[in-house]
Amino acid sequence: MTRPGGPATDADALGAALVDTVRRTGAGVGALFLLTPDERILCLDVMCGVPSGFADPWSRVPVTAPAPVADAVTRERLVWVGSHEELARSYPRSAVALPFPLALAAAPVTGIRRWGSLLLMWPSGHADRMTRREQGHVATSCRRLARLLDEAAESGHPYTCGDRPRVLPVEAGHRATQPPLAAADFAERLPGGSCALDLEGRFSFITSGGAELLGRSVEQLLGTRPWQSLPWLDDPVYEDRYRAAVLSRRPVSFTGCRPPDGWLDFHLYPDASGMSVRIVPTGATPTDAPAPPAPRAASAPTRPGHLYQLLHLAAALTEVVGVQDVVDLVADQVMPAFGAQGLVLSAAEAGQLRITGHRGYPAAVIERLDGLPLETGFTPAGQALATGIPSFFADPSEMARIYPEAPRVSGKQAWAFLPLIVSGRPVGCCVLTYERPHAFSAEERAVMTSLAGLIAQALDRARLYDTKHQLAHGLQQALLPHRLPDIDGLDVAARYLPATRGMDIGGDFYDLIPLGRTAAAAVIGDVQGHNVAAAALMGQIRTAVHAHASPGARPDEVLFKTNQLLIDLDPGLFSSCLYANIDLERGLVCLANAGHPPPLLCRPGRRAHPLAVPAGPLLGVVPGATYPVTEIPLVRGMTLVLYTDGLVETPGTDIEVSIDRLADSLARAGGDDLDRVVEALVRQAPAGRQRTDDIALLVLRRPAGPQRE
């Protein structure tokens with residue numbers, strides 16, 4: 001790719017590739033999302049087929065979000081959603097913001113690195129499945145986009161996402177040129193009125209008959225949106241019909257009343273370039289029609305897009321887990337939704353406002369604002385928390401009249417102070433700020449105030465979760481071994497990864513127990529559940545195994561006695577466990593298995609494979625259970641891998657297939673550094689938005705060289 005124009009040329013090439021993809025696939029909407037440098041956020045860079053405002057809920061999408069574009073990147077595969085019903089089942093948050101019949105596909109854009117994802121949307125009427133031709137076009141387009149991004153990166157000028165998404169037109173193919181006056185004359189001769197709207201909803205053409213029916217002159221209407229220039233159309237219901245036509249690409253009709261009693265029928269006919277509208281008198285007032293809305297004052301109307309956006313953000317706030325999740329969501333989705341450039345999110349702790357997250361502020365300012373008393377008079381936060389009423393300041397002069405020092409410290413030009421209150425109790429304060437003066441409309445104030453209540457509930461839940469998590473995590477860390485003992489003649493490496501969803505704690509454990517100078521016991525297990533009870537039982541099992549493991553004790557005896565202890569304790573939970581007795585002097589490994597996944601074995605010069613170890617019942621289930629013993633020779637250079645099921649379980653994939661893949665990864669890892677082997681194996685953990693199970697991994701190897709003295 002040539003770069004005579006630098007980044008602008010890259011943007012033009014990407015935009016052209018996207019538009020070409022939309023044409024070839026027959027999609028109505030196309031969008032390219034690019035990963036930010038830290039690969040945490042998907043940023044909407046360019047789109048076509050819809051107005052820019054339609055994309056506000058998706059301008060920044062965390063890669064962990066339950067959204068098709070995020071899944072396409074994390075799972076590295078095409079995501080197809082064939083209907084709105086399927087969208088509601090699989091991605092309810094996206095369905096709330098897109099309440100229209102449609103089908104969509106999201107595909108990863110990957111070259112020398114992961115770049116992002118391509119999103120295509122088809123209007124209603126598309127088949128439930130993609131055709132092979134469409135799949136081929138999507139795959140080809142992703143490779144083309146990736147190649148353009150690769151070339152930009154290799155030239156030393158990597159392409160980055162802009163501050164705002166670019167919106168490109170999609171030409172509807174070649175059309176024979178006709179004299180403009182002839183077309184206008186044709187429309188003027190039709191009864192009633194006709195007009196055209198562009199994709200942004202603005203009048204681009206209107207006949208004199210149409211202007212007369214609407215009660216305005218042609219000059220007053222051209223370039224305006226109907227719901228802005230015609231107060232009686234300033235109702236979310238009417239704009240919603242327009243949005244439905246744009247996204248579904250299907251004709252839509254509705255009836256509106258021009259005061260005092262002029263009822264009109266509107267027939268909308270959309271395509272990729274805009275919309276044609278026929279306006280005709282209805283002749284009579286529909287019996288089920290609502291009363292015409294009264295003209296509104298100068299305050300901004302509540303747009304359906306903003307309502308959908310509020311619902312989208314509300315759904316997102318119900319899914320956050322910890323305090324950092326709340327901060328990230330507000331920063332990545334709430335700030336862009338209102339065009340804010342700064343954020344300070346504070347939590348009420350011990351009579352102070354402690355800043356839990358911020359964006360767009362230097363460290364010195366945050367240090368000055370952190371720890372203010374709840375009743376502070378330095379900023380409006382204290383008054384907002386005391387009264388529960390938000391405060392809005394459109395420019396520094398407004399704030400300086402009441403809080404003279406605050407504008408100088410903040411350095412911003414407009415502020416929205418939103419108190420976070422739960423059941424009359426102050427939880428914190430959310431402050432959105434702007435780099436330029438900003439007049440807050442009545443709609444913005446209403447939406448921000450509503451959203452503040454949802455943020456307060458989410459922050460309160462998140463703080464409770466974090467407190468429980470810290471307690472549980474501390475318990476678990478205390479129960480796992482802080483370091484593994486040194487065993488002469490045996491190299492060992494281990495890793496524990498907590499789940500990233502839920503309590504972030506589980507019952508997976510591992511241990512290495514010295515049994516004299518030339519022997520050791522390697523243990524790994526998985527207690528049912530992901531909570532404090534599971535962690536506590538894990539500690540009891542580790543203690544029991546330690547008590548029963550001794551020189552000369554057979555693996556089946558250790559598991560038998562441990563099982564009996566769990567039966568006697570009756571904790572209501574069970575556990576898997578794999579116990580390996582390693583005898584370095586005799587060169588022998590004896591294993592017993594209580595319902596645990598098979599270990600992996602890799603001998604020098606041979607293929608790594610799962611080792612068949614017959615399993616007995618899980619611990620704590622069957623009184624008096626017995627456990628078969630498996631013996632294998634311990635040769636020099638041999639590697640034995642013990643792991644828990646979190647490393648291999650993937651929904652929809654046979655666990656044996658996953659274990660075979662892990663064995664292949666072990667064979668490829670090789671090398672003398674066991675820590676690198678562990679890293680390679682951990683990278684094979686199932687990809688996805690969040691890890692729902694914890695992982696324990698214990699790797700043992702007898703060095704290939706002579707035994708150390």
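Biologist: How many disulfides does a search of the whole structure find?

Modeller: The search finds one disulfide, the term meaning a pair of cysteine sulfur atoms within 2.5 Å. Keep in mind that this is a predicted model, in which local features need pLDDT of at least 70 and side-chain atom pairs count only at pLDDT 80 or more, while totals for chains, interfaces and linings use all residues. Residues are numbered from 1 along each chain as its sequence is written, and side-chain values use heavy atoms, with hydrogens and water left out.

Biologist: Which residues does the disulfide join?

Modeller: Cys43 is joined to Cys161, with an S to S distance of 2.2 Å, and the link is left-handed, at -65 degrees about the S-S bond. Distant parts of the chain are linked by this pair, 118 residues apart, since Cys43 lies in strand S2 (residues 41-48) and Cys161 in the loop between helix H5 (132-154) and strand S7 (166-168); here helices (H or I, at least four residues) and strands (E, at least two) are DSSP runs, numbered from the N terminus.

Biologist: Is Cys43 buried or exposed?

Modeller: Buried means under 20% relative accessible area, exposed over 50%, and partly exposed in between, with a 1.4 Å probe and protein chains only. Cys43 has 8% relative accessibility and therefore counts as buried, whereas Cys161, at 22%, is partly exposed.

Biologist: Where is Asn563 found, and what is it in contact with?

Modeller: Asn563 is found in helix H19 (residues 555-569) and is buried, with a relative accessible area of 0%. Contact means heavy atoms within 4.5 Å, and, leaving aside neighbours within four places in sequence, the contacts of Asn563 include Leu618, Gly620, Pro623 and Tyr627.
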